[in-house]
Amino acid sequence: KTAAKQLGVAVAFARSPEGALAEVRGQSPSLVIFDLNSRRTDPLGTIAAMKGDPALRGVPTLGFVSHVQADLIDAARQAGIDEVMARSAFVERLPDILTRAT
């Protein structure tokens with residue numbers, strides 16, 4: 001949130017799978033970022049729901065996770081995520097990711 005504010009980029013945070021899908025439908029974001037370890041938002045289910053919905057499947061998705069969680073990375077790819085990166089790379093590249101998505 002702090003990085004987005006410093007860059008002047010608008011962001012929204014969802015607290016549930018339903019909230020995430022509602023935000024994507026209502027806002028038509030240029031990128032949806034997932035913490036693939038989040039238990040609250042069911043990222044794999046949310047990604048699969050987005051990619052299975054013709055109105056949402058074109059919204060770019062990016063997930064971050066520990067690089068050692070190969071099973072979770074594979075599961076995210078099977079769910080349809082567009083890009084997965086290691087948490088450390090995500091943190092390092094966040095300003096670029098946010099400005100690229102605007």
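The largest pocket is lined by 32 residues. Nearest its centre lie Val11, Ala12, Phe13, Val32 and Ile33. The model is a predicted one. The space in this pocket comes to about 930 Å³. Its lining comprises 20 nonpolar residues, seven polar residues and five charged residues. Several elements contribute at least two residues each to the lining of the largest pocket: helix H1 (2-7), helix H2 (17-27), strand E1 (32-35) and helix H5 (87-100).

Strand E1 also belongs to a sheet. This open sheet is formed by three strands, in the order E1-E2-E3, and the pairing is parallel. E1 and strand E3 (83-86) stand at the edges. Each has a single partner strand, so one side of each lacks a neighbour in the sheet. On average, neighbouring strands of this sheet are turned by 25 degrees against each other, direction ignored. In general, the strands of a sheet pair through backbone hydrogen bonds, in either a parallel or an antiparallel manner.

Four bridges join E1 to strand E2 (residues 61-65) in the parallel sense. Valine 32 has threonine 61 in E2 as its bridge partner. Valine 32 is also among the residues nearest the centre of the largest pocket. Val32 and Phe34 make up the covered face. Ile33 and Asp35 make up the uncovered face. Ile33, like Val32, is listed among the residues nearest the pocket centre.

Helix H5 links the two themes. H5 supplies at least two residues of the pocket lining, and H5 lies across E1, E2 and E3. Relative to E3, H5 runs at about 130 degrees.

A further position is alanine 70, in helix H4 (residues 70-79). Its relative accessibility is 42%, so alanine 70 counts as partly exposed. Alanine 70 and glycine 8 are 62 residues apart in sequence. In space, 34 Å separate alanine 70 from glycine 8, C-alpha to C-alpha.

Note on methods
Residues numbered from 1 in each chain as written. Predicted model: local features only at pLDDT ≥ 70, side-chain atom pairs only at ≥ 80, totals over all residues. Heavy atoms only, no water. 1 Å grid on protein atoms, 1.4 Å probe; cavity = no way out; pocket = protein on both sides within 12 Å on 5 of 7 lines; lining within 4 Å. Points joined across faces, edges and corners; volume = space filled by probe spheres on them. Nonpolar A, V, L, I, M, F, W, Y, C, P; charged D, E, K, R; others polar. Pairing = 2+ DSSP bridges. Axes fitted to C-alpha atoms, helices over the stretch in contact; angles between N-to-C directions. Contact = heavy atoms within 4.5 Å. Buried < 20%, exposed > 50% of the residue type's maximum accessible area, 1.4 Å probe, protein only.
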